[in-house]
Every structure is written in structure tokens, then in C-alpha cells.
Amino acid sequence: MHVRSAEGEERVTPLELFFDLVFVFAITQVTGFLAANETGEGLLRGGLLLAVLWWAWAAYAWLTNTLDPEEGLVRLAVFASAGAMLVVALATPAAFGDEALVFAIAYFVVRALHLVLYVIAGRDDPELRAAVLRFAPGAVLGPSLLVVASFFDGPVEIGLWVAALAVDYSSALVGRGRGWRLSPAHFVERHGLIIIIALGESIVAIGVGAAGLPLDAARITGALLGMVVAAALWWSYFDWVIFVSQARLTDAHGAERANLARDLYTYLHMPMVFGIVLFALGMKETLAHLDVPLGIIPAIGLCGGLALYMAAHVAVRLRTSGGWGHGRPTATVVLLALIPIATMVPSLAALALAAAVCVTLIAYEALRYRGARAWIRGHRGEFTIEEVSRIAARTGAAPADQEASTDPSADRPVAGH
């Protein structure tokens with residue numbers, strides 16, 4: 001069993017990507033569940049499903065950041081976890097119905113294997129072992145509540161799901177980050193790849209929405225507009241945000257690093273992924289009915305999903321002490337305002353308006369922060385937040401909107417460049 005170095009340049013392994021393939025299927029199942037349950041209650045249940053699936057994936061992202069999953073018995077345990085996760089994904093469409101117990105038991109197995117592996121990982125590390133033991137009660141109680149919930153339906157079932165998620169998500173707060181180990185480069189790469197996976201679902205939604213329908217000019221236009229939005233979502237994350245976040249995580253150490261990783265990635269990437277899943281739902285309905293207005297749930301998916309994605313970016317910015325900014329909060333508000341409009345105009349027009357908002361945001365940031373953006377991309381995460389602040393002072397603004405220092409030594413090169 002190989003324990004990763006917290007300061008090493010570890011990379012995501014092929015086995016981690018193999019595990020993520022099951023999560024891809026699970027995301028697809030959630031999108032299908034939402035499409036089959038276009039009601040307020042269906043939206044709530046879909047959100048609960050994704051929150052549960054996300055927590056399982058995030059738990060393994062932390063684990064494989066600590067342990068090399070391709071060495072020794074860990075490899076077999078990860079394969080077993082992937083198998084249990086596959087059963088979870090298969091049961092997802094009926095997780096609130098006939099397959100509730102199957103879903104809950106398979107999910108319990110996924111979480112139990114994770115906990116066992118983490119206990120083994122901490123056998124020679126007293127601080128990590130103590131952190132795992134503090135985390136363990138919540139990691140057992142949360143999945144157990146889902147098993148109990150499988151014997152109920154209606155409000156009681158929903159209440160137990162909410163309680164299970166509350167226990168799980170709050171368990172990460174116990175101990176205030178003490179004892180956890182983290183390799184920033186690997187952690188950032190792993191979460192960047194899961195954003196790519198979620199964006200892949202939005203591309204699949206374009207194909208599903210257009211399947212079996214005439215490929216006329218209107219539908220081609222709709223598909224291309226969907227691709228434009230997906231590209232804008234990619235740009236908003238991978239153009240510079242990923243590098244600033246990695247620098248902020250690298251600057252931190254010990255418990256501060258663990259807390260920052262938990263907030264920026266474990267907590268705040270979940271609404272990003274859910275926003276993309278909602279957008280995929282909206283795209284399916286849009287391409288299937290281009291000339292009629294969207295229903296309220298697909299409209300929430302198309303415009304509200306994009307707003308949720310942008311709002312999560314704003315929250316990330318606030319957590320990294322970057323301030324509110326201007327472009328993304330404005331885009332969030334405008335996209336929310338488009339929800340009622342999407343229920344009144346043809347869905348193709350609603351998609352065009354949403355795409356216009358996204359493209360305008362990208363153009364604004366590319367022009368407004370062109371100097372700082374070029375510097376950040378030129379150094380690709382190999383810089384400190386202090387250096388970003390100095391660049392902000394020189395250029396008048398930076399994408400991170402950090403409180404800038406006016407230190408004249410701002411132009412000193414980053415080590416190694």
C-alpha cells in the first residue's frame with residue numbers, strides 16, 4: 001500500500017478514471033430521473049440523489065488523494081467499490097420506489113469500503129487515524145439513515161434523506177480539518193476531470209434531445225447553441241479559475257488546506273455539477289420542442305442550472321477572499337431572470353438568450369482582465385496568491401479580484417520560470 005506525498009506532484013491514475021466511469025453512468029441516471037419527473041417534487045428528489053452520489057464520489061476523491069489506488073489490495077477494494085457503485089447507479093431511477101432498499105444497501109457498502117481503506121491508510125499516521133475516527137460516526141450514520149428511509153415513502157422518506165445528507169455533509173466539519181492529508185495538484189486535477197465528465201453529460205443531452213428528429217436548420221442551430229454554452233462553462237472553469245484555486249490550495253498548509261479543499265471542492269463543486277445536470281435536462285427538452293415555450297421545470301433546468309453553476313463560482317471566489325466580482329454575479333442574476341421568460345418564448349429563443357449571457361460573460365472577463373489572465377495562464381498554477389495580488393496592482397484588476405499589494409517587486413518571476 002503506497003501512501004501519496006502531500007507535497008508531491010501526484011497525478012490522477014487510470015484506475016481513478018475507471019472508477020469515475022461509474023459516476024458518469026450515475027449522473028446520466030439522475031438526468032433521466034429528472035426528465036421522467038418534471039415536477040417540483042421530482043426536482044427535489046433529483047437534487048437529493050445527486051447530493052448522495054456526489055458525497056460518495058467526493059469521499060473516494062479524498063481517499064485516492066491519500067492512497068495510490070493501483071497498489072496492492074487497494075486496487076481490489078476500489079474495484080469492489082466500483083461494483084457497488086454500479087449497483088447504486090442502476091437503482092438510482094427507482095431509489096425512491098421499488099429499488100430503495102437495493103440503492104441504500106449498495107450505497108452503504110460503497111461508504112463502508114471507503115471507511116475501511118481510510119482506517120488502514122492511517123495505521124502508521126496517528127493524526128490521520130484520529131481524523132478518520134472522528135469522521136467515522138457520521139459516515140456510518142448517514143448511509144444507515146438511507147437504509148431506514150427505504151422502508152418509508154412520502155414526507156417521512158424525504159425527511160430521512162435530508163437527515164442523512166445533513167449528517168454526512170456536517171461530518172466533514174468535525175475536527176476542523178485536523179489530521180487530513182492532501183496533495184493539491186492531484187486534488188485539483190481530479191475535480192477538474194469530474195467537471196469535464198459533467199459537461200460530457202450536457203453534450204450527450206444534445207444528442208439525446210435530437211435523436212430521431214429531423215436535422216433541420218433550427219435543430220442544428222439549437223445543437224450548436226448548446227455546444228456554445230457548454231464551451232462557455234468549460235472556459236469559465238478552465239481558463240483561469242482552476243489555476244487560482246490550485247495556487248490558493250498550495251499556499252495553505254495543514255488543517256487550513258484541508259478546510260479549504262473541503263469548502264472549494266467537496267462542498268462548492270457539487271452545485272456546479274448539479275447546475276450542469278440541470279442544464280442537460282433543459283437541453284433535452286429544448287431540442288425536442290424548439291418552437292414551443294419550455295415548461296417551468298425544464299426552464300429552471302436550462303436557465304436556473306446555468307445560474308446555479310455561476311453562483312457556485314461566486315461562492316468559490318468569496319471563499320478564496322476574492323470578493324464578489326462583477327461578471328459572474330451579474331450573469332447569475334440575469335440567468336435567473338430568464339427563467340420566466342423561457343416559459344413564454346420558443347425554447348430555441350430561450351436557449352439563444354442563455355447562450356448570449358454566457359458568451360457575454362466570457363468576452364467581458366477576457367477583455368476586462370486580459371493582462372492578469374494572460375499572466376495566470378502563462379504560469380499555470382505555479383505561483384502564489386500574493387503574486388496574483390501584485391499582478392492585480394500592476395494591471396488594475398485580476399480575475400481573482402484579490403486585495404492587491406502595491407509592492408514594486410511585483411514583476412519578479414515565479415520560481416522556475
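How do the residues of the lining of the largest cavity divide into nonpolar, polar and charged?

1. The lining of the largest cavity is made up of 10 nonpolar, 5 polar and 1 charged residues. Please keep in mind that the model is predicted.

2. The volume of this largest cavity is about 230 Å³. It is lined by 16 residues, and those closest to its centre are W55, W62, F135, A172 and W180.

3. Three helices each supply at least two residues of that lining: α2 (40–66), α4 (100–121) and α10 (254–267).

4. The second largest cavity holds about 120 Å³ of space. Its lining has 12 residues, with W240, V241, H313, V316 and R317 nearest the centre. Two or more lining residues come from each of α9 (241–251) and α12 (296–319).

5. Which element gives the most to the lining of the second largest cavity? That element is α12, with 4 residues.

6. By type, the lining of the second largest cavity splits into 7 nonpolar, 3 polar and 2 charged residues. For the largest cavity, the corresponding entries are 10 nonpolar, 5 polar and 1 charged.

7. On the overall count, the model has 5 cavities of 30 Å³ or more. As background, empty space left between atoms shows up when a probe the size of a water molecule is rolled over them.

Definitions and conventions
Residues numbered from 1 in each chain as written. Predicted model: local features only at pLDDT ≥ 70, side-chain atom pairs only at ≥ 80, totals over all residues. Heavy atoms only, no water. 1 Å grid on protein atoms, 1.4 Å probe; cavity = no way out; pocket = protein on both sides within 12 Å on 5 of 7 lines; lining within 4 Å. Points joined across faces, edges and corners; volume = space filled by probe spheres on them. Nonpolar A, V, L, I, M, F, W, Y, C, P; charged D, E, K, R; others polar.
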